[in-house]
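Biologist: I am new to this structure. Please take me through it in short questions and answers.

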Amino acid sequence: MAASPRGSSPVPPDARPRLTVLSGPSGVGKSTVVAHMRKVHPEVWLSVSATTRKPRPGERHGVHYFFVDDEEFDKLVANGELLEWAEFAGNRYGTPRRAVLDRLEAGEPVLLEIDLQGARLVRESMPEAQLVFLAPPSWDELVRRLTGRGTEAPEVIERRLAAAKIELAAEAEFDTTLVNTSVEDVARELLALMKVA
Ligand code: 5GP
């Protein structure tokens, strides 16, 4: 089944949406979609977030995240270096402001992959941003993916599933929903929304 866009973007067809926010519950496959998209279009720039979470096996500092401790994160917040930040399942995550603004000023499309709270903050500070929600094909499938990832302890999975219920209820706040039935289809839809392909 193809990815099915639900709803329509308020951006006029001739305007070029520059800032796109991809959100959706933990485990839905946002990172997989983004990784696939960048394989096909390596020129698409994705913001690298700062986080206090510990790296998962294979995650690299400066590539997947900037892994920082609590004190460093406090400093980023205090110095106004984050465009938005949120606490998610016991860790803090934030988008470095400067890199995003530099890309936007250069007229390049920018993609943020962040949680619901962050998406709401971006909407407030940058109303022209395009908000895209990635939904799972079903709740059971989300549970299966989150559990099957095998990288999180049971209590962390519980916290993420509780957060997922809240995130799923917010789908209507987004401009567009893509249902993650196929990574290739969703990546293609996302590129089309970003007007990259
Ligand atoms: P994970 O720990 O699975 O990598 O990420 C947990 C959640 O934090 C995901 O929903 C992810 O999209 C979100 N996230 C990652 N970076 C940021 C960020 O910079 N800001 C916000 N608000 N959420 C983020």
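Modeller: A contact here means heavy atoms within 4.5 Å. Keep in mind that this is a predicted model.

Biologist: Of the contacts with a separation of 6 or more, what share comes from residues 24 or more positions apart?

Modeller: The count takes in contacts in the chain with a separation of 6 or more. Within that set, the share from residues 24 or more positions apart is 71%.

Biologist: How many helices and strands does the chain have, and why is it called as compact as a globular protein of its length?

Modeller: There are seven helices and nine strands. For 197 residues the globule rule gives 16 Å, and the chain is as compact as a globular protein of that length because its radius of gyration is close to that, at 16 Å.

Biologist: What percentage of the 197 residues is buried?

Modeller: A residue is buried when its relative accessible area is under 20%. In this chain of 197 residues, the buried part is 48%.

Biologist: Is E43 buried or exposed?

Modeller: E43 sits in the loop between α1 (30-40) and β2 (45-46). Exposed means over 50% relative accessible area. E43 has 53%, so it is exposed.

Biologist: Which side chain does the side chain of E43 make a polar contact with?

Modeller: A polar contact needs a pair of N or O atoms within 3.5 Å. For E43 the distance is 2.8 Å, and the partner is the side chain of H41.

Biologist: What distance separates the C-alpha atoms of E43 and L146?

Modeller: Along the chain, E43 and L146 are 103 residues apart.

How values were computed:
Residues are numbered from 1 along each chain as its sequence is written. This is a predicted model: local features need pLDDT of at least 70, side-chain atom pairs count only at pLDDT 80 or more; totals for chains, interfaces and linings use all residues. Side-chain values use heavy atoms; hydrogens and water are left out. Helices (H or I, at least four residues) and strands (E, at least two) are DSSP runs, numbered from the N terminus. The radius of gyration is taken over C-alpha atoms; the globule rule is 2.2 Å times the number of residues to the power 0.38. Buried means under 20% relative accessible area, exposed over 50%, partly exposed in between (1.4 Å probe, protein chains only). A polar contact is a pair of N or O atoms within 3.5 Å; within protein, one must be able to donate a hydrogen and the other to accept it, and residues adjacent in sequence count only if both atoms are side-chain atoms.
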